[in-house]
Amino acid sequence: MPRLVIAAPSSGSGKTTVATGLMAAFAERGLAVSPHKAGPDYIDPGYHALATGRPGRNLDAFMCGTELVAPLFAHGAAGCDLAIVEGVMGLYDGAAGRGELASTAQVAKLLRAPVVLVVDASSQSRSVAALVHGFASFDPRVRLGGVILNKVGSDRHEAMLREALEEAGMPVLGVLRRAPQVAAPSRHLGLVPVAERRADAVSSVAALAAQVRAGCDLDALMALARTAPALDCEAWSPQRALEQQDPAPPAFEARGCEQSPGRRPVVAVAGGPAFTFSYAEHAELLTAAGADVVTFDPLREETLPPGTTGLVIGGGFPEVYAPELSANAPLRRAVAGFAAAGGPVAAECAGLLYLARSLDGKPMCGVLDADARMSERLTLGYREAVAVSDSALAATGTRLRGHEFHRTVIEPGAGAAPAWGFTHPERRVEGFVRGGVHASYLHTHWAAQPSVARRFTQAAAARR
C-alpha cells in the first residue's frame with residue numbers, strides 16, 4: 001500500500017490544509033485514497049472523508065494500543081491505491097509524559113511510512129534548513145522524505161528557502177503561497193465540522209485541491225509513497241475482534257425485556273450537525289455484534305427510529321445548537337421515555353450534555369439530574385479509566401483509555417453511580433450510570449475493547 005504521513009514541526013503549520021488538499025488532488029486523478037488521522041481528533045476526518053469519499057479513520061496509539069495501529073490502518077486502506085495519514089501536533093509530540101506514545105513519529109514508524117514535513121515558512125528563510133535538519137536527525141527511525149513549504153510570501157522568498165534546503169539535501173515536494181480564502185473557519189474546539197457547513201466545505205476542499213495541485217509535485221509524492229515497504233500484519237476485522245475476545249461477562253439486564261429471537265436489535269446513533277463525533281469502527285463493531293445501526297438527526301427528527309432498542313449519542317457541539325435541540329420537545333420526551341423504561345443508552349460528551357436537565361439554561365432531555373453550561377476552561381487530554389459501576393456498556397472493572405475534549409462543565413460531575421474512575425493523570429470519578437444509561441465526558445475507541453460493543457448489543461437485543 002503506497003502511503004505517506006503528513007507531519008509538521010508544530011500545530012498550526014498547515015497539516016490539515018496539505019493533507020486534505022493532497023487527498024482531494026489524488027482522488028481527482030481517479031485514485032482510491034484512504035484517509036487517516038493520527039490521534040483522537042474527530043473534525044479533520046470529516047474533511048478527509050469529503051475529499052476522498054471514504055470514511056476518515058483515526059489511528060491512536062494511546063487509546064487503541066500500538067499493536068492495533070497497523071491493523072486498523074490496513075482495514076481502512078483495503079482496496080485503495082494510496083493512503084494519506086495526517087499527523088497530530090508536532091511530529092514528535094505525543095501523550096504528555098509518555099515519551100513518543102501517540103505521536104505522529106510513532107505512528108509513522110509503526111506504519112513504516114515516509115514522512116512529509118509541512119513547514120510554515122512565513123517568518124524564516126535560511127533557518128528552515130536547520131529546522132528541517134533537526135527534525136530529520138532527531139530519530140533516525142523516522143524517514144523524512146521531503147518538505148512542503150507553506151505560507152511562502154514571494155518568488156524571492158521561495159528561492160531562498162529552496163537554496164537552503166538544497167544545501168541540506170532535503171527535497172522540496174511542494175510550495176504553497178498564503179491563501180486565506182481556502183481556510184476553514186474555527187471556533188472553541190477547532191475547525192467547524194463539515195456537517196455544519198456542507199456547501200462551503202465542498203468549496204473549501206475543492207480550493208485546497210486546486211492549491212495543492214498547483215503547488216505540489218504529485219508525481220514525486222506518489223513516488224515517495226511507493227517506497228513504503230510491505231506491512232507485516234493482518235488487517236483488523238470487527239467480526240474477528242469480537243471472536244478473539246475472551247467470552248463476554250453476562251449481558252447487562254435491562255428492565256422489562258423480552259427475548260424475541262430472529263430479529264436484529266436496532267441501535268439508533270445520533271448524527272447531524274449537532275452530533276458529528278464518531279469513530280467508524282463503532283458502527284462496524286455494533287453491526288458485527290448483531291445490531292442494525294440506524295442514524296438519526298436530533299435537530300430534525302421528532303421520534304427515535306422505528307424499533308429502536310439501543311441508543312448511542314456520541315460527541316459533537318450541542319452547545320452550538322442548544323436552542324434547536326431544546327425546541328425539539330417531542331424527541332427530548334422520546335429519549336427520556338426510552339431511558340426511563342430501562343433502554344440501553346451510551347452517551348459520550350455531547351450525548352452527556354443532551355441527557356442533562358439543561359444546557360446553558362435550555363431544557364434538554366432531563367434523563368440526568370445535572371445541569372451543563374459553557375466554560376472558559378478547556379478540558380483536554382488522555383485518560384486511563386476503569387468502569388466503577390455495572391452498565392449496559394461496560395462491566396465493573398472494564399479498563400479503557402480515552403480522551404476528554406470540551407469547554408463545558410456539568411454539575412454534579414458524577415452521579416451516585418459514576419461511569420468511570422480515572423486512574424491517570426489524576427484520580428477522580430466521572431459520569432453517570434442510571435438504569436440502562438451510561439453517560440460520560442470520556443471519548444473511547446471501541447476497537448480497543450470490543451466487548452463493550454457486544455455487551456451493548458446484547459442489552460439492546462434484550463429489549464426486542
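Reader: Which helices and strands each supply at least two residues of the lining of the second largest pocket?

Author: Helix 2 (43–52) and helix 11 (280–288) do so, together with strand 10 (266–270), strand 11 (292–296), strand 13 (345–348), strand 21 (437–440) and strand 22 (443–444). Helices (H or I, at least four residues) and strands (E, at least two) are DSSP runs numbered from the N terminus. This is a predicted model, in which local features need pLDDT of at least 70 and side-chain atom pairs pLDDT 80 or more, while totals for chains, interfaces and linings use all residues. Residues are numbered from 1 along each chain, and side-chain values use heavy atoms, without hydrogens or water.

Reader: What residues are closest to the centre of the second largest pocket?

Author: The pocket has a volume of about 790 Å³. Of its 40 lining residues, Thr-276, Phe-277, Ser-278, Tyr-279 and Ala-280 are the closest to its centre. By class, the lining divides into 24 nonpolar, 15 polar and one charged.

Reader: Why is helix 1 called roughly perpendicular to helix 9?

Author: The axes of helix 1 (residues 15–28) and helix 9 (residues 218–225) cross at roughly 95 degrees and come within 12 Å. Helix 1 is therefore roughly perpendicular to helix 9, the term covering angles of 65 to 115 degrees.

Reader: What residues make the contact of helix 1 with helix 9?

Author: Leu-22, Ala-25 and Phe-26 of helix 1 meet Leu-218, Leu-221 and Met-222 of helix 9, where contact means heavy atoms within 4.5 Å. This contact has six nonpolar, no polar and no charged residues; Ala, Val, Leu, Ile, Met, Phe, Trp, Tyr, Cys and Pro count as nonpolar, Asp, Glu, Lys and Arg as charged, and the others as polar.

Reader: Which peptide bonds are cis, with what omega?

Author: The bond from Glu-411 to Pro-412 is cis, with omega near -5 degrees; Pro-412 is in the loop between strand 17 (399–411) and strand 18 (420–424). The bond joining His-424 and Pro-425 is also cis, at about 5 degrees, and Pro-425 is in the loop between strand 18 and strand 19 (428–430).

Reader: Over which residues is the pLDDT below 50?

Author: The chain averages a pLDDT (the predictor's confidence, from 0 to 100) of 93, and 94% of the residues score at least 70. Residues 254–260 are below 50, yet this stretch has 16 contacts beyond near neighbours in sequence.

Definitions and conventions: Axes are lines fitted to C-alpha atoms, for helices over the stretch in contact, and angles run from 0 to 180 degrees between N-to-C directions. Angles under 35 degrees count as roughly parallel, over 145 as roughly antiparallel, 65 to 115 as roughly perpendicular and the rest as oblique. On a 1 Å grid over the protein atoms alone, a cavity is a set of points where a 1.4 Å probe fits but cannot get out, and a pocket is an open set with protein on both sides within 12 Å along at least five of seven lines; lining residues have an atom within 4 Å of a point. Grid points are joined across faces, edges and corners, and a volume is the space filled by probe spheres set on the points.
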